[in-house]
Amino acid sequence: MLTQTQRLTLVEQVAYQIQGKIENGEWRVGMRIPPEPELMEQLQVSRNTLREAIRALTYAGLLKTRQGDGTYVCSSSVLGSVIEKVINHTDMLESLEVRYALEREAAALAASRRSEEDLEAIRTCLDKCRQAAGQQDLKAYAHWDVEFHKMVIAASHNQLMGNLYNHITEALHNMVLETEDFKNAFYHDSHDLLYQAIANRDCPQAEEAVRLYIEKARTKMC
C-alpha cells in the first residue's frame, strides 16, 4: 500500500538547489561556491539552514569545506563521488582491469565512429602529453594523459560510457601520478599507436594499443 508523500524540508530544498547548480555545470569541480551571506540572500534562508544543507552535500561528497578559505565543489555528481570513493578503496590492479574493459571497448567504437573533430581533439592531447614528457612535467603529463583517454571515450559517441568514465577521471589522474616513473620516458608509443588506429578506423589495432599500455601499467605495479 502506498504511503502519503512527505514534503521536502527547507534544508532539503536548499540542498537540491545547490546540487542542481553543480550537476548542470554552473558550479564546476574546483570552484569555490559563493560565501554564506550571498547564498543566504539568494536563497532567502537562515545561516543555520544553509549550513545544514552544505553539511549534507559535504557528507554526500559534492562539497568540501576548507577552514578559513571557503567551500569548494569536489565532485560533479553524487554518483561521481561514490564511484571515486569506491575506486580509492579498491586494489589498483582491479581498477586497471576496469579501465581495460572500458577503454578497450571505447577504442574500438572510436575507430568506427570518430569524426574529424574527434581526431583533432585526440591529437591535441597527444601533442600536449609529448610536450609535458619532454619538459619532465609529471603533473601536466598526468592531466593531458587523462584528457587523451577522455577524448577517445568521447569519440566512441556512447554517452553512458562517457558519463561513467568522466566520474573515474580523478582517481585515474592519481593512478597516472603513482605509476609513471620520472626517470623513464613516459610518452608511450602505444598512445601513438592508438591514435593511428583510430585515424585509420582499425578497430582490432585500437584494441591492441589499449592492451599494450594497460600491460605496461600492470608491469609497473607488480
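Q: How much of the protein chain counts as buried?
A: This is a predicted model, and in it 41% of the 222 residues of the protein chain count as buried. The accessible surface of the chain comes to about 12,900 Å², and 51% of that surface belongs to carbon and sulfur atoms.

Q: And what is the secondary structure?
A: The protein chain has 11 helices and two strands, and, read from the N terminus, the order of the elements is α-α-α-β-β-α-α-α-α-α-α-α-α.

Q: How do the two strands pair?
A: Strand β1, residues 63-66, and strand β2, residues 70-73, pair in the antiparallel sense over four bridges, with Arg66 standing opposite Gly70 in β2. Three residues lie between the strands of this hairpin, and Gly68 takes a positive phi there, near 80 degrees.

Q: Which residues other than glycine have a positive phi?
A: Gln44 is one of them, with phi near 55 degrees, and Gln136 is another, with a phi of about 55 degrees. For context, most residues other than glycine have a negative phi.

Q: Where are those two found, and are they buried or exposed?
A: Gln44 lies in the loop between α2 (36-43) and α3 (47-60), and it is exposed, with a relative accessible area of 60%. Gln136 is found in the loop between α6 and α7, and it is partly exposed, at a relative accessible area of 37%.

Q: Switching to the inside, which residues touch the most other members of the largest nonpolar core?
A: That core has 23 residues, and those touching the most other members are Ile122, Phe148, Val152, Leu194, Ile198 and Val210. Two or more residues come from each of α5 (92-113), α6 (116-134), α7 (138-155), α10 (189-199) and α11 (203-221), and α11 gives the most, with six residues.

Q: What is Val210 in contact with, leaving aside its neighbours within four places in sequence?
A: Val210 is in contact with Tyr100, Glu103, Arg104, Ala107 and Leu194.

Q: What about a second core, which residues does that include?
A: A separate core of 17 residues includes Ile33, Leu39, Met40 and Leu63. In general terms, nonpolar side chains tend to be buried together in soluble globular proteins.

Q: Last one: among contacts between residues at least 6 apart in sequence, how many join residues at least 24 apart?
A: In the protein chain, 71% of those contacts join residues at least 24 apart.

Notes
Residues are numbered from 1 along each chain as its sequence is written. This is a predicted model: local features need pLDDT of at least 70, side-chain atom pairs count only at pLDDT 80 or more; totals for chains, interfaces and linings use all residues. Side-chain values use heavy atoms; hydrogens and water are left out. Two strands pair if DSSP finds at least two bridges between them. A nonpolar core is a set of buried Ala, Val, Leu, Ile, Met, Phe, Trp, Tyr and Cys residues joined through side-chain atoms within 4.5 Å. Buried means under 20% relative accessible area, exposed over 50%, partly exposed in between (1.4 Å probe, protein chains only). Contact means heavy atoms within 4.5 Å. Accessible areas come from the Shrake-Rupley method with a 1.4 Å probe; for residues, only the protein chains shown count as cover.
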